[in-house]
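Please look over the sequence and the structure shown below before reading on. The paragraphs after them are meant to be read with both in view.

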Amino acid sequence: MGRDWLFTEEQLVNTPSRKDGVDGAEEGKLRREGVKLIVEIGGGLKLQPNPTLATAAVYFHRFYMFHSFKEFQKHLTALGCLFLAGKVEETPKKCKDIVLIAKEKYPDLYNMKNAIEEVMGIERVLLQTIKFDLHVDHPYTFLLQYQKVFKLDREKKQMILQNAWTFVNDSISTTLCLVWEPEVIAISLIYMALKMTKLDNCDWVDRQPGEQWWDQFVANLTSDMMEDVCHKVLDYYTITRTESR
C-alpha cells in the first residue's frame, strides 16, 4: 500500500484554512458541504459515487490540504473537481452542463455570469495542486474482494456488502481518504458492518490459528486502527443529524 497523498493528524490540524483563521469545526463543515455539492450536482448529471463522485471528493479534500477555503470558494472548487473527475473516470460531462445543473439546484450559489470560465480556471489550479497525479484507488474495489472470504450464505454476504458500501459512500464526506489507505477503509467498514449485524464472529476461508480475517489482506492492522476509521464515519452521522435539525 502506498503512502502517497496520506497526511498526519498534525498536518490535518495545520491546513492553510486553519492558518487562515478557520477553526476545525468550520473546516469540517466546509468539507462536508463541498462534497454534498459534488454528490448532488453529480447525481443530477447521472454520475455514480463509484468511481466518479468519490474521485471528485478525494480531489476536493486533497486540494484543501494546500489551499485555504478563504482563498478558494468551496462551490467553485466542487465543480472543478467534478469536471476533472468526469474526464479521468471516463464519464465526461461538458463544463456548461455541470454549471447548468449547478444553477438549477443552487441558483443563489451559482448566479455568476462567467461560471464556466471560473470552473475551468479552478480545474487548472486543481491539476497543478495534485501535480497531475490523477489516479485514485477507492475502497469499493476492495469491498468486493474482501467480502468473498466469509463463510456466510449469499443473503448475509449481500447485506454486509450493502451496509459497508453505504458506509464508504458516506465516508467520502470525511477526511478518511487523507489519513488511511483504501484497503484499510474497506476492511474497517466491513468490520463495522459485521459488528452492526452481529456477524463479527463468523468463520472465513483459509482461517489460520491466531489470525484475524483481515490479516490476509493487510499486515499489522490493529483493531484500534479500524475503530478509528469506524468512529470517523459514526461521528459524521452524529454531526449531520445535528446539522439537519
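This is a predicted model: local features need pLDDT of at least 70, side-chain atom pairs count only at pLDDT 80 or more; totals for chains, interfaces and linings use all residues.

Residues are numbered from 1 along each chain as its sequence is written, and side-chain values use heavy atoms, with hydrogens and water left out.

The protein chain is divided into domain 1 (9-130) and domain 2 (139-244); these bounds come from an automatic or database domain assignment. Taken over C-alpha atoms, the centres of domain 1 and domain 2 are 27 Å apart. Contact (heavy atoms within 4.5 Å) joins 16 residues of domain 1 to 15 residues of domain 2. The area buried between domain 1 and domain 2 is about 1,200 Å², and carbon and sulfur atoms give 70% of it. Buried area here is the accessible area, taken with a 1.4 Å probe, that two parts lose on being put together, summed over both. On the side of domain 1, Arg32, Asn50 and His61 lose the most area to domain 2, and together they account for 42% of what that side buries.

What lies in the interior? In soluble globular proteins, nonpolar side chains tend to be buried together. A nonpolar core is a set of buried Ala, Val, Leu, Ile, Met, Phe, Trp, Tyr and Cys residues joined through side-chain atoms within 4.5 Å. A residue is called buried under 20% relative accessible area, exposed over 50% and partly exposed in between (1.4 Å probe, protein chains only). The largest nonpolar core of this structure has 87 residues, and those with the most contacts inside it are Ile41, Leu82, Phe150, Ile190 and Trp213. Helix α11 (residues 182-196) supplies the largest share of this core, 10 residues. Helices (H or I, at least four residues) are DSSP runs, numbered from the N terminus. Because domain 1 (9-130) and domain 2 (139-244) both give residues to this core, it lies between them. Ile41, leaving aside neighbours within four places in sequence, is in contact with Leu79, Leu82, Ile98, Ile101, Ala102, Lys105, Tyr106 and Tyr110.

α4 is mostly covered, with 12 of its 15 residues buried. Among the buried residues of α4 are Thr52, Leu53, Tyr59, Phe60, His61 and Phe63. The buried residues of α4 pack against α3 (24-44), α5 (74-88), α7 (115-129), α8 (139-146) and α10 (176-179).

The aromatic rings come next. A pair of aromatic rings is described by the distance of the centres and the angle of the planes. Rings of Phe, Tyr and Trp (its six-membered ring) pair if their centres lie within 6.5 Å; planes under 30 degrees apart count as stacked, over 60 as edge-to-face and the rest as tilted. The structure holds 15 aromatic pairs. In one of them, the ring centres of Phe60 and Tyr64 are 5.0 Å apart and the planes stand at 65°, so this pair is edge-to-face. Both Phe60 and Tyr64 are buried. The rings of Tyr236 and Tyr237, with centres 5.7 Å apart and planes at 55°, are therefore tilted. Phe60 and Tyr64 also belong to one aromatic cluster with Phe63, Phe69 and Phe72.

Charges accompany some rings. A charge sits over a ring if NZ of Lys or CZ of Arg is within 6 Å of the ring centre and within 35 degrees of the ring normal. The charged end of Lys87 is placed in this way over the ring of Phe83, 4.1 Å from its centre. Arg207 lies over the face of Trp204, at 4.0 Å from the ring centre.

Finally, the loop between α11 and α12 (223-243) contains Asp206, whose phi is near 60°, a positive value in a residue other than glycine. Asp206 is exposed, with a relative accessible area of 58%. Asn220 has its place in the loop between α11 and α12, and phi of Asn220 is near 60°. Val229 lies in helix α12 and, at 0% relative accessibility, counts as buried.

Technical notes. Helices (H or I, at least four residues) and strands (E, at least two) are DSSP runs, numbered from the N terminus.
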